[in-house]
Amino acid sequence: MSVEVNNESGFEVDEAEFSALARYALDALHVHPASELSIVFVDTATMTDLHVRWMDEPGPTDVMSFPMDELRPGREGEQTPPGTLGDIVLCPEVAVTQAQAAGHSTVEELLLLTTHGILHLLGYDHADSEEEREMFALQRRLLLTFLAGR
């Protein structure tokens with residue numbers, strides 16, 4: 001699994017931890033090991049620009065996902081074909097505020113957002129309550145099992 005992590009935010013992050021989380025989640029979702037993923041941490045100005053340009057919404061957001069090959073999760077014994085999942089863009093400055101409101105660390109928030117972004121790249125969404133329940137339950141399970149193993 002090729003996971004490229006770039007920190008352009010000025011915020012200190014352990015790039016290896018985010019790479020490990022991505023590999024863990026993608027393996028659990030039976031994504032082909034020859035697949036590629038990019039994770040980028042950006043500052044508020046960059047995220048604001050992306051949010052306006054791609055979502056037509058003002059201000060920064062916490063995470064954005066840009067799928068490439070529109071891969072979907074595989075199943076036990078049946079991996080996805082290899083491909084490029086796409087890019088996850090995270091804004092640590094927004095995550096700081098959300099972490100404080102949620103009562104956990106910024107790193108935990110960023111790990112949660114990374115998991116969320118991966119699921120979006122694999123076609124999960126939360127547009128209605130049923131989709132939200134499914135996506136958020138999977139997100140929670142992946143993150144908690146990853147954290148339990150580190």
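Helices are DSSP runs of H or I that span at least four residues, numbered from the N terminus. In the predicted model, His120 is placed in helix 4, which comprises residues 106-121. With a relative accessibility of 24%, His120 is classed as partly exposed, because that class lies between the 20% limit for buried and the 50% limit for exposed. When neighbours within four places in sequence are set aside, the contacts of His120 are Ser65, Asp125, His126 and Met135.

An unreviewed UniProt entry lists His116, His120 and His126 under "binding site". Of these residues, His116, His120 and His126 are included in the lining of the largest pocket.

His126 is located in the loop between helix 4 and helix 5, the latter covering 129-148. Its relative accessible area is 30%, so His126 is likewise assigned to the partly exposed class. Apart from neighbours within four places in sequence, His126 contacts His116, His120, Glu131, Glu132, Met135 and Phe136. A polar contact at 3.2 Å joins the side chain of His126 to the side chain of His116.

Glu17 was examined in the same terms. This residue lies in helix 1, formed by residues 15-28. Glu17 counts as buried because its relative accessibility is 14%, and the buried class is defined as under 20%. Beyond neighbours within four places in sequence, Glu17 is in contact with Val107, Leu111, Phe146 and Arg150.

Methods. Residues numbered from 1 in each chain as written. Predicted model: local features only at pLDDT ≥ 70, side-chain atom pairs only at ≥ 80, totals over all residues. Heavy atoms only, no water. UniProt positions renumbered as here; feature names shortened; annotations may be inferred. 1 Å grid on protein atoms, 1.4 Å probe; cavity = no way out; pocket = protein on both sides within 12 Å on 5 of 7 lines; lining within 4 Å. Helix = DSSP H or I, 4+ residues; strand = E, 2+ residues; numbered from the N terminus. Buried < 20%, exposed > 50% of the residue type's maximum accessible area, 1.4 Å probe, protein only. Contact = heavy atoms within 4.5 Å. Polar contact = N/O pair within 3.5 Å; in protein donor to acceptor, adjacent residues only side chain to side chain.
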